[in-house]
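Opening the notebook on this one. I'll jot down what I looked up, in the order I got to it.

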Amino acid sequence: MSNIHFDIAGEHHISVPDLLYISHSRYEGDWNSIMHSHVFSELLYIEKGEGEIVIRNTGIPVRERDFILLPPNFSHTEISSEKERLEYYALGVSNLSLSMYESEDEYRPIIRLGSENDRVRSLIRNMVSELRRRGNGFEIMVRAYFLELMAILLRTERDALTVRGHDEQAKGKMNRIRDYIDSHYMEDLTLDGIASMFHVSKYHLVREFSKAFSMTPYRYLEEIRVRIAKNLLSSTEHRITDIAMTIGYSSSSYFSQRFRSLTGITPLDYRQMSRERDIL
């Protein structure tokens with residue numbers, strides 16, 4: 001008797017992309033074409049019609065059966081033709097990254113599926129059908145269809161795409177969260193809001209961010225705000241209230257409280273000390 005055995009789980013764990021959502025859109029005259037981006041990859045399959053995908057202010061013509069890959073943080077929008085109205089599916093996918101393109105100039109959004117195109121269209125339609133019917137085991141079926149789609153995509157674009165392992169996924173996501181905080185520190189950020197945006201639980205966010213950067217997300221946010229406040233206090237004549245609003249605090253008293261907690265002195269004392277140093 002011959003026997004061949006393959007271990008799947010365990011030491012050589014296979015990492016797979018995750019499906020975050022799937023949507024179906026159709027142009028009906030009320031289309032709001034607004035530039036936007038995502039912190040994950042997005043796949044678009046053009047079901048019908050034609051139009052443009054605008055990626056970082058460059059329009060790329062698309063038509064029925066085109067399959068488009070949008071990497072994380074690429075600003076884009078969709079514009080439909082008035083004559084052949086655009087209809088497409090969008091899939092949000094995490095843990096999928098471009099490994100081939102060293103610069104934006106090399107990036108090509110349309111993936112040539114060739115003979116696999118009909119199968120990809122069928123898989124996406126099957127996922128949507130399962131989600132609409134929601135019969136017993138529909139989550140497993142959606143997952144199965146999605147994984148087959150990912151296998152086709154990875155084999156078609158084997159030199160361009162990679163799936164990040166768990167540790168790399170977590171580190172990459174925490175880096176993106178840190179970058180997001182860096183860019184949005186002046187807004188009313190909350191742990192619940194950040195966790196929801198990046199599709200993680202609040203507990204997971206705090207644990208993984210603290211592991212990566214040795215501080216909680218909120219502490220990181222406060223340190224950024226205080227650093228910006230120090231610069232404004234020493235280099236401008238802005239009022240304390242205006243500085244508080246500029247860096248994301250709705251209350252000047254709460255800003256002063258947090259500033260003192262992190263620095264040991266009040267904002268007014270810091271401004272006075274910085275001016276004395278300049279005189280000396």
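Which helix gives the most to the lining of the second largest cavity? I found that α6 does, with 3 residues. Helices here (H or I, at least four residues) and strands (E, at least two) are DSSP runs, numbered from the N terminus.

Housekeeping before I go on. This is a predicted model, where local features need pLDDT of at least 70 and side-chain atom pairs count only at pLDDT 80 or more, while totals for chains, interfaces and linings use all residues. Residues are numbered from 1 along each chain as its sequence is written, and side-chain values use heavy atoms, with hydrogens and water left out.

**Overview.** I counted 9 helices and 10 strands in the protein. Of its 280 residues, 40% are buried (under 20% relative accessible area; exposed is over 50%, partly exposed in between; 1.4 Å probe, protein chains only). I also checked contacts (heavy atoms within 4.5 Å): among those between residues at least 6 apart in sequence, 71% join residues at least 24 apart.

**Cavities.** My search of the whole structure gave 2 cavities of 30 Å³ or more. A cavity is a set of points on a 1 Å grid over the protein atoms alone where a 1.4 Å probe fits but cannot get out, and lining residues have an atom within 4 Å of a point. I listed its lining as I181, L189, T190, L191, I194, P217, Y218 and L221. Both α4 (191-197) and α6 (217-235) supply at least two of the lining residues. I get 7 nonpolar, 1 polar and no charged (Ala, Val, Leu, Ile, Met, Phe, Trp, Tyr, Cys and Pro are nonpolar; Asp, Glu, Lys and Arg charged; the others, Gly among them, polar).

**Helix α5.** Which residues of α5 are buried? I got L205, E208, F209 and F213. They sit on the same side of α5 because they cover an arc of only 110 degrees around the axis, taken from the directions from the helix axis to the C-beta atoms. The face turned away from that side carries exposed Y203 and K211.

**F255.** I placed F255 in helix α8 (residues 252-263). Buried or exposed? F255 is buried, since its relative accessible area is 1%. Leaving out residues up to four places away in sequence, F255 touches A229, I240, I243, A244, I247, Y249 and P267. F255 and P267 are 12 residues apart along the chain, with their C-alpha atoms separated by 8.6 Å.

Technical notes
1 Å grid on protein atoms, 1.4 Å probe; cavity = no way out; pocket = protein on both sides within 12 Å on 5 of 7 lines; lining within 4 Å. Points joined across faces, edges and corners; volume = space filled by probe spheres on them.
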